[in-house]
Amino acid sequence: MRILAIETSCDETGVAVVDDGRHIISNIVASQLAHQDTGGIVPEVAAREHLRALDGITQESLNEAGVELRAVDAVGATVGPGLVGCLLVGANYGRGLALAAGLPFIGVNHLEGHVYANWLYEGDAATPEPEIPAIVLIVSGAHSDLVLMEGHRRFRPLGRTIDDAAGEAFDKVARLLGLGFPGGPAIERVARDGDPAAFPLPRAALSGYDFSFSGLKTAVLRLVRALEAKGEVPVADVAASFQKAITEILAEKTARAAAEHAVETVLLGGGVAANLALRAEIQKRIGHPLRVPAPRLCTDNGAMIGAAAFFVLRDRGTEVPVTVRSDMKLA
Ligand code: KG4
Ligand code: ZN
């Protein structure tokens, strides 16, 4: 089963060809540079950029895979959650391709894509499939969700952020420190030269599995203002202290969820999962195997949508709607 898959829910235009939900044949991602000047994503600009990029990237992805459109078995595209204008561009483009080539169209939930990124591999050596049930932590620019994956496409939400998403907190702190956008990779880079114990920062003590990051964000803002008033801001130390706090918050709840449910593995997904400090904090707290997609498969890409689309096709019982929805949840 060969799927051409399209991802346009936010600011990455991704098109991939994926076999049997696991094997990446091609995976082209274009990050929109237009947002670097504004320091954040302007939805209308993002939608227009997707429209401009999609034709070329689709052709590039098919070329790299060495296949023609009529040689694929289905077309998949993200239908939610995400920015509605962006979703409409990719979903309508995918539907148009499917219609023109007489192929089935599969609407894919972006969050399922982040989960199924853990099933992907490149090259000839197939990695073993992650064992389920699993605890999954999805941490991206828009989401911080802790879920119990009971089986394929069967997700039970355990907790989520009650305010900012983890990636959003990374991005806001990076902007405060003058580190540019996206902030996560920049914070991780400068934090390597910093002392994570330099500044004590609060960890919100929420009961259950929900997260809150706004108190931490405000504490970093106050700290930076106080340091500025005194003179130079030690950027690496602030970044390292913030990264330590946020990764500990995420790791503690993830480890508790793994201990309190009978699961085989812990899986990560979403852009923040690319963060090595987060992985280390989780790994040292759990006895389970930890699976994390390769960094370029953690951030938005078409291949993860191709993986999720395969499992939608295989398991027609829980259909994903083909109309876009910006607030779609994991089922
Ligand atoms: O999954 P993603 O590409 O897009 C969404 O679905 O939102 O995630 C993007 C987010 C951004 O907030 C970015 O700063 C963050 O993931 N991110 C990271 C790292 N790489 C990307 N955060 C922390 N450490 C990283 N290495
Ligand atoms: Zn995402």
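Trainee: How do β8 and β9 pair, parallel or antiparallel?

Mentor: Antiparallel, over six bridges. Keep in mind that this is a predicted model. Strand β8 covers residues 144-151.

Trainee: Which residue in β9 is the bridge partner of G151?

Mentor: R154. Further along, L146 has G159 in β9 as its bridge partner.

Trainee: And how many residues sit between the two strands?

Mentor: Two, and β8 and β9 form a hairpin. R153 is in that turn, with a positive phi of about 60°.

Trainee: What holds paired strands together in general?

Mentor: Backbone hydrogen bonds, and the pairing can be parallel or antiparallel.

Trainee: Zoom out. What is the strand order in the sheet?

Mentor: It runs β9-β8-β7-β10-β11. That is five strands in an open sheet, with mixed pairing.

Trainee: Which strands stand at the edges?

Mentor: β9 (154-160) and β11 (290-291). Each has a single partner strand, so one side of each is left without a neighbour in the sheet.

Trainee: Which strands does α7 touch when it packs on the sheet?

Mentor: α7 touches β7 (134-139), β8, β9 and β10 (265-269). Its direction makes about 160° with that of β7.

Trainee: New topic: α4. Which of its residues are buried?

Mentor: Helix α4 spans residues 166-176. Its buried residues are A166, G167, A169, F170, D171, V173 and A174.

Trainee: What covers the buried residues of α4?

Mentor: The cover includes β7, β8, α5, α6 and α7.

Trainee: Now aromatics. How many aromatic pairs does the structure hold?

Mentor: Six. One of them joins W119 and F311, edge-to-face. The centres are 6.2 Å apart, with 70° between the planes.

Trainee: Where do W119 and F311 lie?

Mentor: W119 is in the loop between α3 (110-116) and β6, while F311 is in helix α10 (residues 302-314). They are 192 residues apart in sequence, so the pair ties together separate parts of the chain.

Trainee: Is W119 buried or exposed?

Mentor: Buried, with a relative accessible area of 0%. F311 is buried as well, at 2%.

Trainee: Why is the F170 and F242 pair called edge-to-face?

Mentor: The planes are at 80°, so the pair is edge-to-face. The ring centres are 5.2 Å apart. This pair also links distant parts of the chain, with F170 in helix α4 and F242 in helix α7, 72 residues apart. Both F170 and F242 are buried.

Trainee: Which residues do ring pairs link into a cluster?

Mentor: Y116, W119, F310 and F311.

Trainee: Last topic, charges. How many salt bridges are there?

Mentor: The count comes to 18. R296 and E122 form one of them, at 3.0 Å from N to O. R296 lies in helix α9 (residues 295-298) and E122 in strand β6 (residues 121-122), so the bridge ties together parts that are 174 residues apart in sequence.

Trainee: How accessible are R296 and E122?

Mentor: R296 is partly exposed at 42%. E122 is also partly exposed, at 41%.

Trainee: What about the D164 and K172 bridge?

Mentor: That salt bridge is 3.6 Å from N to O. D164 is buried at 8% relative accessibility, whereas K172 is partly exposed at 29%.

Trainee: And which residue forms a salt bridge with E248?

Mentor: R203, with the closest N and O atoms 2.9 Å apart. E248 lies in helix α7 (residues 235-260) and R203 in the loop between α5 (183-191) and α6 (214-230), so the pair ties together parts 45 residues apart in sequence. E248 is buried at 15%, and R203 is partly exposed at 35%.

Trainee: Which residues join that pair in one network?

Mentor: Salt bridges with shared partners connect R203 and E248 with K244, E252, E281, K284 and R285.

Definitions and conventions:
Residues are numbered from 1 along each chain as its sequence is written. Chains are lettered from A and ligands numbered from 1 in the order in which they are written. This is a predicted model: local features need pLDDT of at least 70, side-chain atom pairs count only at pLDDT 80 or more; totals for chains, interfaces and linings use all residues. Side-chain values use heavy atoms; hydrogens and water are left out. A salt bridge is a side-chain nitrogen of Lys or Arg within 4 Å of a carboxyl oxygen of Asp or Glu. Helices (H or I, at least four residues) and strands (E, at least two) are DSSP runs, numbered from the N terminus. Buried means under 20% relative accessible area, exposed over 50%, partly exposed in between (1.4 Å probe, protein chains only). Two strands pair if DSSP finds at least two bridges between them. Contact means heavy atoms within 4.5 Å. Axes are lines fitted to C-alpha atoms, for helices over the stretch in contact, and angles run from 0 to 180 degrees between N-to-C directions. Rings of Phe, Tyr and Trp (its six-membered ring) pair if their centres lie within 6.5 Å; planes under 30 degrees apart count as stacked, over 60 as edge-to-face and the rest as tilted.
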